[in-house]
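User: Hi! I have a model open on my screen and would like to go through some of its features with you. Could you start with the terms?

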Amino acid sequence: MPLLIVVLSLIVIYLTLGYVVFLKAFYRKKDLDWLNAKALEKTPWKSFAKDIPLYYKWLEDNGAKDVTLTTFDGFKLKGKFVKCENARGTIILMHGFKGNFASDYGIVFNDYKSFGLNILAFRQRSHGESEGKYITFGVKEHKDLLEIIKYHNETYGEIPLFISGLSMGASTVLYASNKDLPKNVKALSADCGFTSPYEIVLKVVNETLKFNAKFVMPAVNFWCKLIADFDMKEFNSVEILKTAKRPILFIHGTEDELVPVEMTKRNYEACTSEKQLVLVEGARHGLSYVVEPERVKDAFTNFYEKHLND
């Protein structure tokens, strides 16, 4: 009997540890006050604390309209649409974990408008104004992206469409890259995306716990399946990209401390569609454009221009 109690106690401790990691990684976080520069100084976005409120003002000054759609599983996503006069196309923006389209893409809003693109951007599920309790690191979000594309074409017409993702948003885009996308989807871009939820969570947990945490991952995945209805190993961009159906521009900073640049290198090597790789020396996570703005701008401008009329 004592042995049974010990075994049961160890199982409870093991599952509890997995549950703690599950909540930390996948449960929605309280949204930041993105309009409060002073409050942002105490967050990971502190370097851009003064800029992010200005990006929101840019949206307002450029006539951004509120948009809403319902996901395949019944959640409402909230976003913005900015119309460009005489638009050549539209770009859909998929932001990263705990971020939003202004924090992740505000710095390039003007570039997209100058190129002649409408901007369509939703808060990802379980972020900010959008509904949802759990973030699934692209597994369910890539299905949301398919709904966003459908919403765009039904609302604004089947004009040329580009899709761009940053960090988790990049992985979301890559997970959709082998789907039967509408013909007006011309090209994709993925900046500092990870390969799979399993690999990126394992990497972060290893660094947090300071030892190889592979043993706890089955417990984390147990809760993912039981509570959030997804499997961390269900999607891996390396496998998906072997049947990619659209041109893809890969971008990554060589000093990325969060998502290893090797993940993008693996993605690029696996990709069988037309592709281009831009590695920015010295750039940390999501900061490639900040470090080399002209080079990165030229890369996506030339890539989009090349495929605009495909």
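Analyst: Happy to! Helices (H or I, at least four residues) and strands (E, at least two) are DSSP runs, numbered from the N terminus. This is a predicted model, where local features need pLDDT of at least 70, side-chain atom pairs count only at pLDDT 80 or more, and totals for chains, interfaces and linings use all residues. Residues are numbered from 1 along each chain as its sequence is written, and side-chain values use heavy atoms, with hydrogens and water left out.

User: Where does Lys98 lie, and is Lys98 buried or partly exposed?

Analyst: Lys98 has a phi near 65 degrees, a positive value in a residue other than glycine. Most residues other than glycine have a negative phi. Lys98 sits in the loop between β3 (89-94) and α4. Buried means under 20% relative accessible area, exposed over 50% and partly exposed in between (1.4 Å probe, protein chains only), so at 35% Lys98 counts as partly exposed.

User: And Asp229: which loop holds Asp229, and is Asp229 buried or exposed?

Analyst: Phi of Asp229 is also positive, near 60 degrees. Asp229 belongs to the loop between α9 (217-228) and α10 (237-240). With a relative accessible area of 58%, Asp229 is exposed.

User: What span does helix α6 reach from its first C-alpha to its last?

Analyst: Helix α6 covers residues 141-156, which makes 16 residues. The expected span is 1.5 Å times one less than the number of residues. That expectation is 22 Å, and α6 comes close to it, reaching 22 Å.

User: Which residue just after α6 takes a positive phi?

Analyst: The buried residues of α6 include Leu145, Ile148, Ile149 and Tyr151. Just after the helix, a phi of about 90 degrees is taken by Gly157.

User: Which elements do the buried residues of α3 pack against?

Analyst: Helix α3 spans residues 52-61, and its buried residues are Ile52, Pro53, Tyr55, Tyr56, Trp58 and Leu59. These pack against α2 (37-40), β2 (76-82), α4 (101-105), α5 (109-115) and β4 (117-122).

User: How many residues are in the largest nonpolar core?

Analyst: A nonpolar core is a set of buried Ala, Val, Leu, Ile, Met, Phe, Trp, Tyr and Cys residues joined through side-chain atoms within 4.5 Å. Leu93 is one of the residues that touch the most other members of the largest core. Leaving aside neighbours within four places in sequence, Leu93 is in contact (heavy atoms within 4.5 Å) with residues including Phe109, Tyr112 and Ile119. The number of residues in the largest nonpolar core is 38.
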